[in-house]
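Me: I keep running into labels when I look at protein models, and I'd like to see where they come from. Take me through a few of them here.

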Amino acid sequence: MAAAIAAVEQGCSVMLVDESAREGGQIYRQPWEGLSVPGVGTMQEKSRKASLLARFAAIRDRIDHRSKTTAHSLFPGPELQIADEFGSERVEAGAVILATGVSERAIPIPGWTLPGVMYAGAMQALFKSTGATIAKRVLIAGVGALPIVVGAQLADNGVNVVAVLLLHPLRKMAADPIGLFQGRHIVLEGLQYRRSLRAKGVPILEGWAPKRIHGEGRVRSVTVAKVCSGGNFVAGRERSFEVDAVGLNFGFTANSELARMAGADCRHDPLVGGWVPVRDHSGMTSVPGIFVAGDGAELRGALVAEAEGYIVGALAAATVAKRTAPDLTLLRRELERNKRFQLAFRRTLRLPEGVWKWADDDTVVCRCEGVTLGRLNRAIGDGHLTLDAIKRNTRCAMGWCGGRTCLQAVAGYIGKPEGEEGLKPMRARPVARPVKLGALANLRDSK
Ligand SMILES: Cc1cc2nc3c(=O)[nH]c(=O)nc-3n(C[C@H](O)[C@H](O)[C@H](O)COP(=O)(O)OP(=O)(O)OC[C@H]3O[C@@H](n4cnc5c(N)ncnc54)[C@H](O)[C@@H]3O)c2cc1C
């Protein structure tokens, strides 16, 4: 949205393609048309949302806004291919800005594929879109701040949140006081959520993680355990909770497959979303005319995503129009301040090596293709040590999610340090997202 606003303000003709029915992305997600849903989020977040939506409303009539439309393929040129429910189009553009965000990730544990186990952010997305809370008794677990945020938002809306588990205490950020200071307003928002959980008597267990999820046909209870700094479970320190649902969030994977499909160079950093495109100062990838902004470029949160959207939008527009870029000093300053805070925040996202021992041989790692850890370990033992080789040998990551769910876990099980061959991203091929065959067959006039 921010990139579209900036590009229009620079006089460019803009097409905005979004899978969602309504604008807002993940954090500023709006309820489905016609539904009335209580707003969630702190006062500060609601005010940021209102301000961005108002700026977008002011330019909406000046752009070609394609909602409920998927960008499924991208090639150098750049040429973007899009599809809605009924048909598809090829779009040639002076520049393509990818602001595709991130997908959540979980660490596979026994029972994590039972119905009732969801990503924590998906629980939040469901509530923001429809007002539905999926269960009466919920346990939320993961890293970073999202478990606290989602736990508090669900508890505020009548859900019995039996516990929130954090692998690392959030006070780890205090080891970087400068970063913490730069993001003090975000820290205050986090404290509001924490206070809200405490006021409702929800236990926040720091240094704990779910060990096994139980149930037949659906989740009934969960065993949680204390975790040591290496990520292994501590013997004898276990508790059990009866639940109807479990929300997991152990970080995010960048939705970088369109950039990879176009041939953009990527680097690997599990803390900021896995395989993220390498960019220059304007946000342009190694493929001319293809830019990336927001979390899809590197996980740094909503404030960075918005500021960067304005910057990359303005610079991409200037490149296309062959004009001098506007003065972006203030935005860049804000961006740097928020990025500095994200360095402190990264300390809460680290996944120690022990987490790759949480699953057993029968645990499914690739949900789309039903590939278990036992099957994966056999392939690794047979010498299949690259992601492409694992995919060919086991079908891991061949399903409809394109590896967004399992690939980072597979990289963890291969256990190659950063930068080695084993962590080269899997080749991304069309189509990046599921598209109906009928829509592909109905190729409309293209622009
Ligand atoms: C589930 C979830 C919950 C989150 N909850 C919080 C929270 O509570 N608090 C917080 O501070 N941060 C939260 N975050 C992080 C926060 O949402 C991001 O930092 C911020 O939204 C990043 O903005 P973005 O524009 O980069 O991506 P997003 O806001 O994710 O926007 C990406 C947009 O791209 C669209 N899209 C993606 N791929 C395609 C495609 N191929 N074709 C067409 N459209 C596509 C999506 O529909 C979406 O509208 C959450 C993230 C996730 C994934």
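Me: Where does V431 lie?

Reply: V431 is in the loop between α12 (407–414) and α13 (437–441). Those names are DSSP runs numbered from the N terminus: helices are H or I with at least four residues, strands are E with at least two. The peptide bond from P430 to V431 is cis, its omega being near 0°. Before we go on, remember that this is a predicted model: local features need pLDDT of at least 70, side-chain atom pairs count only at pLDDT 80 or more, and totals for chains, interfaces and linings use all residues. Residues are numbered from 1 along each chain as its sequence is written, and side-chain values use heavy atoms, leaving out hydrogens and water.

Me: Which other residues does a cis peptide bond join?

Reply: G77 and P78, with an omega of about -5°. P78 is found in the loop between β3 (70–75) and β4 (79–83).

Me: Why is E206 called buried?

Reply: Buried means under 20% relative accessible area, exposed means over 50%, and partly exposed is in between (1.4 Å probe, protein chains only). E206 has 19%, so buried it is. You'll find E206 in strand β11 (residues 204–206). Neighbours within four places in sequence aside, E206 is in contact (heavy atoms within 4.5 Å) with L166, P169, L170, R171, R194 and K226. E206 and K226 are 20 residues apart in sequence, and their C-alpha atoms are 8.5 Å apart.

Me: How do you know whether K68 and A397 are buried or exposed?

Reply: K68 has a relative accessible area of 58%, so it is exposed. A397 has 5%, so it is buried. Neither is a glycine, yet phi is positive in K68, near 50°, and in A397, about 75°. K68 sits in the loop between β2 (64–66) and β3, and A397 in the loop between α11 and α12.

Me: What makes helix α4 mostly covered?

Reply: Helix α4 (residues 146–156) has 10 buried residues out of 11. Among them are L146, I148 and Q153.

Me: Why is α1 called oblique to α2?

Reply: The axes of α1 (residues 2–9) and α2 (residues 43–59) come within 10 Å and cross at roughly 40°. That makes the pair oblique, because under 35 degrees is roughly parallel, over 145 roughly antiparallel, 65 to 115 roughly perpendicular, and the rest oblique. The axes are lines fitted to C-alpha atoms, for helices over the stretch in contact, and angles run from 0 to 180 degrees between N-to-C directions.

Me: Which residues meet there?

Reply: A4, I5, V8 and E9 in α1 meet L52, R55, F56 and I59 in α2. By class, the contact has 6 nonpolar, no polar and 2 charged residues. Nonpolar covers Ala, Val, Leu, Ile, Met, Phe, Trp, Tyr, Cys and Pro; charged covers Asp, Glu, Lys and Arg; the others, Gly among them, are polar.
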